[in-house]
Amino acid sequence: RRSVDTLQKTGYYDTVELAIDDGRHPGEKDLVYKVEEGQTGSIRFAAGITSNAGVLGEVTLEKNNFDIADLPRSWDDLTSGGAFTGGGQRLVLQAQPGTEILRFAAKFEEPYLFGYPYGLGLNFQHLTRERESYDERRLGGEATLSHRWDFDRDLTTSLGYRNEIVELEDVDDDAPSLVRLAEGTTNITSMTLGWNYDRRDDVGLPTKGYRLNQTSEVASENLGGEENFYKIDLRAEWHTTIYRTERGQPHVFSLYGHGGYGDTYGETAEIPIFERYFAGGRESIRGFKFRGVGPHENGDPIGGEVLATASAEYTFPVPIPKFEEILRGVVFVDAGTVAGDLDDPEFDRWRVAAGFGVRVTIPFLGPRPFAVDFGFPLRSEEDDDEEIVSFSLGKSF
């Protein structure tokens, strides 16, 4: 059954079935996995509105089970999908123009480098984003070498190298001091060490299992950058199916947690504003605006070096005939805080919000559903920015 889950999570197959046949000798059985290959390439055009990033358009070319060495022999071979297929690699080319964001990104993943159980990931991006009192521009990339262990195929360890040029421009006169300190161009160069243990049955809509992820990042002048700091992040999630409807749609209870800690060393006095932790908004603490929780200066969020968030969520199919497979409801409780450091009184001031929402899966917009949440703060602080409604459509990260 775990092998069936592993095959389904690749996304390469439309169907995966397990049959048990008689073996060649008495007392033996053969396990036969029957698969039907599906289309693994897509071009997606999307447009929408998000509460975190404003109006956003998207053009994405994505190819799973990509093979960079499988060159086309003819034009028909290319257009029919017969070329660049079968190597288990992944290629994503993406453009996201919007009112607050302009982003271009490219991602390539090789799960078995030169036939060995080592993965190679390459990520490049150019991002321009409007912040509260300044504009942020990022240009750079990351290379990651990972290893999946034979004794447990769900465990992956990784080592990454990141080099990114970050520029803050058009800074307002009343911008926070951390923003003015980082004004101009900064070169960030870091190494990242991490591990990931994934026992979920599905990446898009997990119905059982759990995932643990830990990353440690060290930025250093000795690596060619201009800042010295480190950050440690731990994420966890757990899912279980309460029961299924007659049509097989699951009622799922989930728990999520994220903890982060950072600090500086050497001659660096503060972690740059664009590398600090922020909380609030979707995928954080709903009921509060994006980056609306935690320390503020002159009305703008300045984030912190310590973060803790936790969520409990119950999702269920909405019992409307013919819509159970694309329409789901959710109720949730979110809590968390962000602070300058562990000794900061702000760290003990946890915010809490509860609410409900809906998820609508629109096939031509990709696997991420259109989401609307109504969050109601139960505990907040004076400087927090609250937001009852949060939503996203056509957003992909």
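1. Ring pairs join Phe66, Phe84 and Phe108 into a cluster. Here, rings of Phe, Tyr and Trp (its six-membered ring) pair if their centres lie within 6.5 Å, with planes under 30 degrees apart called stacked, over 60 edge-to-face and the rest tilted. The whole structure holds 10 aromatic pairs.

2. A word on the basis: this is a predicted model, where local features need pLDDT of at least 70, side-chain atom pairs count only at pLDDT 80 or more, and totals for chains, interfaces and linings use all residues. Residues are numbered from 1 along each chain as its sequence is written, and side-chain values use heavy atoms, with hydrogens and water left out.

3. Back to the rings: tryptophan 238 and phenylalanine 253 pair edge-to-face, at 6.3 Å centre to centre and 75 degrees between the planes. This pair links strand S12 (residues 229–244) to strand S13 (residues 250–264), its partners being 15 residues apart; strands are DSSP runs of E, at least two residues, numbered from the N terminus. Tryptophan 238 is partly exposed at 38% relative accessible area, and phenylalanine 253 is partly exposed at 29%. Buried means under 20%, exposed over 50% and partly exposed in between (1.4 Å probe, protein chains only).

4. Two charges are worth a look. The charged end of arginine 291 sits over the ring of phenylalanine 278, 4.0 Å from its centre, and that of lysine 231 sits over the ring of tyrosine 277 at 5.6 Å. The criterion is NZ of Lys or CZ of Arg within 6 Å of the ring centre and within 35 degrees of the ring normal.

Notes: Helix = DSSP H or I, 4+ residues; strand = E, 2+ residues; numbered from the N terminus.
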